[in-house]
Amino acid sequence: MELISPTEFAKDTVQTVQDYSRLAGQSVANLFRYPRYFADMLQQADLIGVGSLPIVVLTGFFTGAVLALNSSTTLQRFGSLSLLGQLVSVGMVRELGPVLTGLMVAGRNSSGMASELGSMVVTEQIDAMRALGTDPMKKLITPRVISTVFMLFFLTIISDLLGMIGGGAVARGLLGMDSHQYWSTAWQILTFQDVFMGLLKPLLFGFIISTVGCYYGITARGGTQGVGRATTQAVVASSVFILLVDFFTTKLLMAIFGYR
Amino acid sequence: MAAPPTAIEQRLPSEPDAATSAIVFENVSIAFDDKVVLDGISFHLAKGETKAIFGVAGSGKSTILKLALGLLKPDAGRIYVLGDDVTQMQENALFELRRKVGMVFQESALFDSLTVRENVAFRLLEEGNVSDEDVEKRVREALSFVELENTVDKFPAELSGGMRRRVAIARAIITQPEILLYDSPTGGLDPVTSTTIIQLIIKQRDVYKTSSLLVTHRLQDAFVMATHYFDRKANEMRPLPPGARGEVPMAFLILRDGKVIFDGDAHQLAQSKDEYIREYIS
């Protein structure tokens with residue numbers, strides 16, 4: 001492995017942060033500049049949103065189911081099985097729904113964006129686009145960012161709901177709980193803070209997934225090997241970034257709204 | 001052993017004028033990491049002229065095209081394209097200028113997820129003010145120019161290398177740009193397909209009077225361009241009559257070690273006493 005001097009490493013890191021920040025800023029600023037590519041946004045929304053639906057449905061359902069299953073033993077020990085609905089709904093809406101949906105969509109779409117844009121870079125298609133008078137930032141990146149943020153928001157809602165349905169299926173089918181009791185406690189426990197936190201996170205995660213995926217794609221170098229490396233880095237970086245931002249967002253919102 | 005390179009700016013036939021030339025390079029330098037690729041080169045491309053750029057691999061030929069288009073920024077020097085200084089322009093202003101310049105990339109760089117029709121029409125569709133009928137008509141015209149009308153619904157992956165190169169030419173010429181930049185348009189192609197492409201470039205030069213920079217490794221292609229003209233009636237290229245000289249606007253530029261060591265026409269090239277050039281053209 002090639003050794004790199006600390007100075008070079010520091011320079012590269014600063015350069016990466018600067019380039020990423022510029023890309024992220026421009027992707028939003030382009031929303032207020034012409035031309036706007038609505039057709040491309042719709043196409044990306046279909047690819048990212050509708051395309052990710054099956055994995056999000058499966059992830060949400062089984063996460064809720066396994067959460068109910070695991071928690072039931074502990075709750076039964078304290079004679080509080082009736083709280084199962086509350087536990088599943090708060091867990092899904094505040095944390096597991098946004099994070100797991102974010103991680104699944106990152107695995108599927110961040111890598112897809114990095115490989116697609118990376119291939120375009122190494123085959124000079126990005127240069128060709130610039131040569132033809134079209135800004136790749138507006139044409140390729142902004143539609144992906146907007147579509148991911150928009151669709152992840154709704155995918156998370158679907159995941160939350162499916163999680164609660166999964167928990168409900170376990171509660172009714174395996175634990176013999178009354179469905180009405182499960183759903184009424186699950187519904188009543190949710191407060192504005194829970195829902196706000198659960199719906200703010202996918203907006204941040206969607207932005208992270210798309211900008212990180214696009215950044216690694218557009219900066220890919222070194223042929224097919226470089227594209228492969230960019231794809232892996234995009235998934236790793238966006239997943240880690242999601243977990244970090246999740247922690248700090250939760251901490252910040254708990255400080256603002258107070259601990260429950 | 002070949003003689004060392006000599007800068008020949010003083011031998012330029014006339015003083016380049018940014019306003020009247022298609023492209024002017026003034027003392028342009030660029031380095032990648034620690035490797036100096038272009039070291040203070042100057043040349044100009046007159047309007048209507050085609051200039052072939054030669055040099056060994058890595059000598060900065062393709063870099064010149066990317067600099068002219070503003071895809072790369074030089075470390076030093078000025079580059080004027082149609083009178084505008086591209087070294088001082090912001091990316092948004094460059095997008096406007098690039099609409100007057102067409103480029104054919106080395107590996108065609110067609111958008112692989114779009115059909116031939118969508119590739120060729122890309123610039124028109126982006127401009128957005130052209131009707132569907134007009135787009136279709138102009139795509140057909142551009143594809144007919146490169147004799148590929150029957151490929152309109154195919155994807156680039158379904159075409160041969162030569163066909164892809166011709167589609168790239170159709171994409172570059174659809175808006176009839178004032179300048180065309182060709183990056184090794186015949187590289188890796190068989191002689192028959194190469195001749196077809198050279199004929200298209202000659203046609204563009206003689207019929208539409210487009211100013212062009214042509215990067216190539218193949219000296220014979222440039223000599224064919226210097227010794228042939230396009231006969232519109234016969235719709236094919238024809239050799240110039242014996243003794244005709246300077247009848248076609250064709251020039252040669254040779255790079256060595258980051259410097260321009262020759263800039264002149266075919267006759268001057270043939271008369272050159274430079275050892276390296278003699279070796280290069282032999």
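## Strand pairing in chain B

Two strands count as paired if DSSP finds at least two bridges between them. With that in hand, let's look at chain B of this predicted model. The hairpin formed by β1(B) and β2(B) has two residues between the strands, and here B:Asp33 takes a positive phi near 55°.

β1(B) also has a partner in strand β4 (residues 76-81) of chain B: five bridges join them, and they run antiparallel. In this pair, B:Ser29 faces B:Ala76 of β4(B).

## The nonpolar cores

The largest nonpolar core holds 78 residues, and those touching the most other members are B:Ile23, B:Ala68, B:Ala170, B:Leu181 and B:Phe252. Domain 1 (1-8 + 30-100 + 192-282) and domain 2 (108-176) of chain B each give this core at least three residues.

Take B:Ala68 as an example: leaving aside residues up to four places away in sequence, its contacts are B:Ile23, B:Ile79, B:Val81, B:Leu181 and B:Leu213. There is also a second, separate core of 52 residues, which includes A:Ile48, A:Ala68, A:Ile126 and A:Val170.

## Where the chains meet

Chain B brings 14 residues to the contact and chain A brings twelve. On the side of chain B that touches chain A, α2 (91-98) and α4 (122-127) of chain B each supply at least two residues.

Terms used:
Residues are numbered from 1 along each chain as its sequence is written. Chains are lettered from A and ligands numbered from 1 in the order in which they are written. This is a predicted model: local features need pLDDT of at least 70, side-chain atom pairs count only at pLDDT 80 or more; totals for chains, interfaces and linings use all residues. Two residues are in contact if their C-beta atoms, placed from the backbone, lie within 7 Å. Helices (H or I, at least four residues) and strands (E, at least two) are DSSP runs, numbered from the N terminus. A nonpolar core is a set of buried Ala, Val, Leu, Ile, Met, Phe, Trp, Tyr and Cys residues joined through C-beta atoms within 7 Å. A residue is buried if 20 or more other C-beta atoms lie within 10 Å of its own, exposed if 12 or fewer, and partly exposed in between; C-beta atoms are placed from the backbone. Domain bounds come from an automatic or database domain assignment.
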